[in-house]
Amino acid sequence: MFRREGLPVAAKRILLFIIVLVSALLQNTDGLMPVFFGARLFLLIPVVVCIGMCEGEVSGMIYGLIGGAFWDVCSAGIDGYHAFYLAFIGCLSGILIHFIMRNRLLTQYCICGVSAAVHCVVYWLFTVYIPLGDMNLRKLLGFYLPSAVVTTAFSFVFYYVIRFISYTLTEREEKINKVG
């Protein structure tokens, strides 16, 4: 089915797809994830950021597009917004790590925090402020920004899991290529 050299690459891609799928299911199904003082945990943002950081900009963009499509299916907001935004963030995080920053936990917190905050503010702007015409800051300050903070606070779990999968299977692939 797979060539011996392609097995770690295929296994890595399948595992990352499963992580994106499970994160989308946990995030979009009510009652599966705890709510912290009215703030929800947006799991797909740190997953896509971490994939972009560990796998590169193209993989980050592809998995961001897939995760965003899963999120858009369950969202009542703007059609295609999550797919576009997560693809952009996955690509941007990969580019930032490749050219400017180092792949560290603090870098992941910075990228994830800014990504979650921008996502929440833009989503609030286009779903609450512009359509309703009122400056409902209570929703922004009471739900969206706390959700960005909670998302950033719990993002280290995904960083270590995705980094472990990425580096373990990459090292295994390099060993197989050296032997064969």
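Start by selecting Ile45 in this predicted model. Leaving aside residues up to four places away in sequence, Ile45 touches Trp71, Leu86, Cys112, Ser115, Ala116, His119 and Thr151.

Next, widen the view to the largest nonpolar core, which has 41 residues. Ile45 is among the members that touch the most others, together with Val47, Ile51, Leu86, Tyr144 and Ile162. Which helix gives the most? That is H2, with nine residues.

Now pick out H3 and H4. Their axes come within 7 Å and cross at roughly 160°. An angle over 145 degrees counts as roughly antiparallel, so that is how H3 and H4 run relative to each other. Look at the handedness too: H3 passes H4 in a right-handed crossing. To see where they meet, select Gly60, Gly64, Gly67, Gly68 and Trp71, which are among the contacting residues on H3. On the H4 side, the residues include Ala83, Leu86, Ala87, Gly90 and Gly94.

Finally, zoom out to the whole protein chain. You will find seven helices and zero strands. Of its 180 residues, 42% count as buried. Among contacts with a separation of 6 or more, 72% link residues 24 or more positions apart.

Definitions and conventions
Residues numbered from 1 in each chain as written. Predicted model: local features only at pLDDT ≥ 70, side-chain atom pairs only at ≥ 80, totals over all residues. Heavy atoms only, no water. Core = buried A, V, L, I, M, F, W, Y, C linked by side-chain atoms within 4.5 Å. Buried < 20%, exposed > 50% of the residue type's maximum accessible area, 1.4 Å probe, protein only. Helix = DSSP H or I, 4+ residues; strand = E, 2+ residues; numbered from the N terminus. Contact = heavy atoms within 4.5 Å. Axes fitted to C-alpha atoms, helices over the stretch in contact; angles between N-to-C directions. Parallel < 35°, antiparallel > 145°, perpendicular 65-115°, else oblique. Left-handed = near helix turned anticlockwise from the far one by under 90°.
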